[in-house]
Amino acid sequence: MFLRFGFILGQGGVLGMMAMLIISYIINLITTLSVSAISSNGTVRGGGAYYLISRSLGPEFGGSIGLVFYLGFVFNTGMNAVGLVDCIVNNFGELSGTVTGGIPESYWYRYLYGTVVLLVCTGVCLLGSGMFSRASTMLLVILLVATFSIPISALFVGPFEDTSGIVYTGISMDTLKENLMPRFTKGAAGSDSKEKENWQNLFGILFPATAGIFAGASMSGDLRNPSKSIPKGTLHGLLFTFVAYTLVILAMGATISRETLYTNTNVIQGINASPPIILMGEFATSFFSALMGVIGSAKSLQALARDNIFPGLSIFGQGTKSSDDPTYAIFFTFLLSQLTLFMNINSIASFVTMTYLITFWVTNFACFLLKIGSAPNFRPTFKFFTWWTAAVGALISVATMFFVDGTYASGVIGMILFLFLIIHYFTPPKPWGDVSQSLIYHQVRKYLLRLRTEHVKFWRPQILLLVNDPRRSWKLIQFCNAMKKGGLYILGHIVVTAEFQDSFQEVKRQQSAWMKYIDFSRIKAFPQVSIAPTVEWGARNIVLSAGLGGMRPNITVMGFFNIQEYRDSRPLIDLNTPGSSLSKSGAHRQRKQRHDLQDQLPTDSMRPESAVDPKSYVNILEDLLLCLQMNVAVAKGFEDLELPSEASEKKYIDLWPIQMSAEIQDDTSGNITTTNFDTYTLILQLGCILNTVRTWKKAYKLRIIVFVEYETDVAEESDRVKKLLENLRIQADVIVAWLANGSLRTYEIIVNGADPGIPGDERIERILGQEAWWSELRDRRRNPQDDTPAVQIRGVNELMGDGMWPGSSFQQLGRTDSSPMHRLGLKRLRKATKRHSISGLAMMGLSVSFNMRTQRLNPDALLGGSASEESSDDESSVVSSAASENDADEFDDDDRIAWNLGRPRRASAGAALTSRETQTLRQKADSMKFTSEAPTAPSTFPTTSLITAPTAIPATAPTAGDPALLGAKLNPSLARLKLISRPSSPSFSSRAIPDTQLAVDDGPGPSIRFATPDSPVPVPAGNVESPIGAIPALSFNDLPSRGQHLILNELMQRYSVDTAVLFTTLPSPPPNSCKNEQESMSYLEGLELLTEDLPPTLLVHSNSLCVTTSL
């Protein structure tokens, strides 16, 4: 004030300086209201502005602002030391001294004087808060006397002029008018600019003289009642200083000429009635501000160090035993203040202004957020504020920053952001409860109420991972975290206990351990711990309660059942475990358990849960798949997963989307067959999502591998898969394998009847040796009972039609139902226009044979007796659907097949024949003459190179005159066309995937689905030599599940050698299999057989659509 008020008044005039003073005090007043509100809402400890902001906005804002405010305090200390040196030089300098001229004025002497001032201030602060309080009180009295001596001198000192150029007019209206308006000049005394002065420079110099509102807050640790003392003392100080500054400005403006203000920076001392009083005031104000700067900044640094915000600062958290004075922080502040002595006072003032204004902005912003956050516990005793006063204060502060100096403002904000990010990423979370939590809660609640079920075009995995052992599942947890694609991720854990009250404390401990586990593993997930008497009820509780509002899991992931551990626990029980000695990797893990994670996990102290038994595991799967209709994934072998961060020799992410199907059967109206398009596309979707994660995309390449049975289907299948990927906008390499290439030993032995003779072939016998169907088929192949083709065909028909030939997988609901309710349900299904789930079909009265394999032909496909044919000769007896395996699209009676395949394609394995095609075959058969004896078959005859998918053969043999028998002789594959209507079992199919097309009438927007032909699929003929006595060849689609799993396992092992993770289809368990331990184990052993010695495998089953082509 004593050194720069004359300079500011000369440039800005009385009106300009009063305007800047009023703006400064408006900012100070509004910020004081916010500081008072925050400080009166609870206990305030040492740290000043840092403590208030950090406890309100959190460590990121508090730490960054606290450090910048600390630097501002340090610079303010240096500025006051430089100001005190200027006072000394102006009065006692050998060139500029007005009192005496004995003190040198060179640059380094000035630096020395500043160092001495800082040493004195530091010494006073080191003597303790008591000495500081007494010294500051004495200095304050001197400062007040000197300040009020200025307006008093204006009343009593008469006009005069002296030799130093001072023109003093006394109180004069002419002088006041002369000094009223701003008048900027260049090169005035006290200016460091080579250009004309401007408002920005003047405000930057004036504002620090008014911005001492945090002085009291900085001493909050030494106050008895900070919550009351800070608001009261700060507001009174603002009023008092504003009045004092106003009197000084008016007194100077009415008594000192304009030219004197331009040329003399020490004019206040020259016009005072007692110049020594002004000199003492200059010393007092500079020394007092320097003292406040040293102790205030040291206290802030001490609070920062004690909160462990920045690494390496903990040493400055030290305090003396008696009064907790920050000795180390005071020394460090002294050293930093030494650096500021190299700068001029105006540059220091501009930077200090920036630090004060940024602190004011954040303080007002914190108060604004606390108020609008409506936190019930924000009840400050200071009531004279509102949210809009805080908002206005924040806006004015940040606007003033850029008004004063845009470069300095940008630099300070950049420093704040840099420190913010360092704290955010490297500082452990603090339990302070910042206002961001209240705001996040408010916004999350608001938008959760508005969130509805996710539209398919915004579908993303929202994963619920059921975890039993967190350490064993470490890599699976990391894998799911990568696969969630910004979606919901919940870690579910079940505590099994019959006593809820006794185990509740354990549940609370586990919840805390899971939270620490999530922080330790750096995943973005929510833990959910359930307590239940059984693991099944625990899983149900978690699945039904997981999520909130429209944010709920849409896919449940489970680890694979530990089947080897279960076998070892029951060695005396025969569980029919053909795969118990299969897995080399499983045996290796038994010898040496791999735990790559060596760190101690927070969950290691949890109570271990017992292993899940097979019935409970399958029961959970049935609940998820059949009752809750959720998407489900089962993870096998993920303890061996090579994460991208590890040194890996793997190259690929392989997707094996295997086609499956289901039938809704009826004797009178034909069958409706659905495909597993939802599962097929979910596998593609999950693989594509995983490949978008940067680390996975960099480490592994995405491949899609499909298979057909015959080579002639390879090119067409490749085109169809590429077309599907193009529609889904998925980029991946496509590989099409074919089974009948002669290199798959399991296929050659099981399907073609090759003799085992190569090492490793005994594995097939070991696995299938106890299967009745395999023993019977093998015996018939080795010992044909008759050379007559009709007898041979009859034998195979009997084998495939009787009870020894199991379904290709698991039959899931009832057989054909001819009840009126069932027929009514089919009629309603055909006439409806929307998709139905299986539960919806059941509500319509349909008995659904839910089969995951290719289509089965109608029993009367070739011969008469079809109810559907009798009702309409032109209608197909088999209607295909593009729904998922748990959905069936509905058709109008007049237009049951509404999709176009493009060009007709020849029947692949499992292709259905339409009634029109069978009519053509029947007419050809009727045109031939039959005798009562079996005709002699020619040595060669036309046949198809691709055998159509067989189903069960009737137990009764055809007569010699039966047209079907002639068809069998002409083409062995046609011997299997006269089939019984038994439900197909959920099995894999080698049939090429159908074309895909847009379904514009399916749901709220266009979706993509499989299409089926609207014209008969011709069965091409060819010339293939076949021995008369040979058993008709089987197809992959005919095989029971174990046979299919053996073939697929060998195929996958062959192609996925360098694969990091493999996705494929999960067959669902048969209903109620969980009630029988043998059936449960049979299902689990089938999955084990399918995934034996494969890389980490995710078996996926979908019940909902996850892809679309709509914009």
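This is a predicted model: local features need pLDDT of at least 70, side-chain atom pairs count only at pLDDT 80 or more; totals for chains, interfaces and linings use all residues.
Biologist: At what angle do α12 and α13 pack?

Modeller: The angle is about 120°, and the axes of α12 (residues 275-306) and α13 (residues 327-340) are 8 Å apart. The two helices are therefore oblique to each other.

Biologist: Is the crossing left-handed or right-handed?

Modeller: The crossing of α12 and α13 is right-handed.

Biologist: Which residues meet there?

Modeller: From α12 there are V294, I295, S297, A298 and L301; on the α13 side they meet A329, I330, F332 and T333. By class, that contact has seven nonpolar residues, two polar ones and no charged ones.

Biologist: Switching to the sheet. What is the strand order?

Modeller: The order is β5-β4-β3-β6-β7-β22-β21-β8-β11-β12, an open sheet of 10 strands with mixed pairing. At the edges are β5 (526-532) and β12 (733-738), each pairing on one side only.

Biologist: And how are neighbouring strands turned against each other?

Modeller: By 25° on average, with direction ignored.

Biologist: In which sense do β21 and β22 pair?

Modeller: Strands β21 (residues 1059-1065) and β22 (residues 1097-1101) pair in the parallel sense, over four bridges. L1099 in β22 is the bridge partner of T1064.

Biologist: Which strands does α37 touch?

Modeller: Helix α37 (residues 1077-1091) packs on the sheet and touches β7 (631-636), β21 and β22. The direction of α37 makes about 130° with that of β22.

Biologist: What about α26, where does that helix lie?

Modeller: Helix α26 (residues 714-728) lies across β11 (701-708) and β12, and runs at about 150° to β12.

Notes:
Residues are numbered from 1 along each chain as its sequence is written. Side-chain values use heavy atoms; hydrogens and water are left out. Axes are lines fitted to C-alpha atoms, for helices over the stretch in contact, and angles run from 0 to 180 degrees between N-to-C directions. Angles under 35 degrees count as roughly parallel, over 145 as roughly antiparallel, 65 to 115 as roughly perpendicular and the rest as oblique. A crossing is left-handed if the near helix is turned anticlockwise from the far one by less than a right angle, and right-handed if clockwise. Contact means heavy atoms within 4.5 Å. Ala, Val, Leu, Ile, Met, Phe, Trp, Tyr, Cys and Pro count as nonpolar, Asp, Glu, Lys and Arg as charged, and the others, Gly among them, as polar. Two strands pair if DSSP finds at least two bridges between them.
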